[in-house]
Amino acid sequence: MPVVVASQQNLVALAFLVGATVASLPLVYCFYKQRAEDKTRSASSSLSSHVKSGIEELIGNTPLLYIKSLSAATGCTILGKCEFLNIGGSAKDRVALGIIQEAERLGLIRPHQNDTLYEGTVGSTGISLAVIAKAKGYRCHICMPDDQAQEKYDLLEKYGATVEKLRPVSIVDKNHYVNVAKRRAEEVNALYAKASDPDSHDLTAEEREIILKNGRALFCDQFENLANYQIHYRTTGPEIYTQTSSSSITGIGSGGKSGDQISALVLGAGTGGTLAGLTSYLKPRLPGLRIVLADPQGSGLFHKIKHGIMYSPTEREGSRKRHQVDTVVEGIGINRVTRNFGVVERYVDDAVRVSDREAVEMSRWLVKEDGLFIGSSSAVNLVATYRTAKALGPGHTLVTLLNDHGTRHLTKFWNDAYIEKAGLTPTAVGLEFLDD
């Protein structure tokens, strides 16, 4: 009998175990289902953190590049911020986005309402505006000098912008490309205001409808619009400060807190927005930081910083070749003080004049030694950075901007025939072109 009792007890235990297992199956299923859903959500969240919701999110957060050849030649750490990696191909993407966002905030324009962006530019800002305009549903009208690199006009037209080419003249001339862009925008807005006025009887109903349908205009005014420097204060400056922390450049620069190892910031200026934004952000945090202006030949800013007078040698009687800054360099150099440059002028410690020959030679050196194919303003920046590094001596860290890529300059700065005609055919083997 004991055997029978034991068997019954085992059966009861087995039945209990089977019942408990069956009862727990829904819980087990729910547990594994929840884990699978959690993994899916985690993967989705991870994916969304890497997927951008629009091209605006492809502007900024560009890397700093250690430029090996110039660092080795100077004994310094020379870093170039790769602004050519922005979606529109230049540092001007930030400016264009900042100006548009500020205008939207003020209610001056609205996306997808046929509003038109007007700007006077030598090319890069226009291209950046055209890129963002397409993405946000604006139209774009760009006024340019008629002597810029052909690829700039081509790019603008491919992005659907209206390109108005104008003869280069002085800024005081009403037909200067900036003044024409401003006038075109004012004309559009005057008509829009009239069409919006119910008491105005100068227009037919059909004319009124067409004008209102065509929307308003914004003169972007990159030279005087302070949204230019403010976007660099909010984005480019903090990026550089973070990127030059000791943990970010371990093995390249010396140790220290965020930004402590930057000895000099070296930049050219056209509108002055980049220089003003970076200086305004970095200088209060790094009081010892030297701000150095890189200025191409024909620009008056070098003399303005050095001697307090806006003057260029090309201003001498009979020496002016054309009605702009006389240089093969595009995008930097100017003969007036803009509102953006005015923000930073008193904080600039020094200026370096860069000749066309030095810029051309530097660009060819960099593509040969570093595989770095840069535009003309970037070449000017790096000539000035090299000279500043030599003056400071070994062991310092210098930062500059690589504004755009050489592909923006194929028909001029990177065109052998054009450079030969200008008498600038490169002949240097090394960096001897920078010898004093």
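**A buried strand and its neighbours**

In this predicted model, strand E2 (residues 77-82) has six of its six residues buried, so E2 is largely enclosed by the rest of the structure. In a regular strand, side chains alternate between the two faces of the sheet. In E2, Thr77, Leu79 and Lys81 point one way, while Ile78, Gly80 and Cys82 point the other way. The residues of both sets are buried.

E2 has pairing partners. Strand E1 (residues 64-66) runs antiparallel to E2 and is joined to E2 by three bridges. Within this pairing, Tyr66 lies opposite Leu79 of E2. Strand E10 (residues 397-402) pairs with E2 in the parallel sense, over six bridges. Here Thr77 has Thr397 of E10 as its bridge partner.

**The cysteines**

Cys82 belongs to the buried set in E2. Two further cysteines are also enclosed: Cys143 is buried, with a relative accessible area of 0%, and Cys220 counts as buried at 0% relative accessibility.

How many disulfides does the model contain? A disulfide is a covalent bond between the sulfur atoms of two cysteines. The cut-off applied here is a pair of cysteine sulfur atoms within 2.5 Å, and the count comes to zero disulfides. Cys220 shows the reasoning: the closest cysteine sulfur to its own is in Cys140, at 7.1 Å, which is too far for a bond.

Key:
Residues are numbered from 1 along each chain as its sequence is written. This is a predicted model: local features need pLDDT of at least 70, side-chain atom pairs count only at pLDDT 80 or more; totals for chains, interfaces and linings use all residues. Side-chain values use heavy atoms; hydrogens and water are left out. Buried means under 20% relative accessible area, exposed over 50%, partly exposed in between (1.4 Å probe, protein chains only). Helices (H or I, at least four residues) and strands (E, at least two) are DSSP runs, numbered from the N terminus. Two strands pair if DSSP finds at least two bridges between them.
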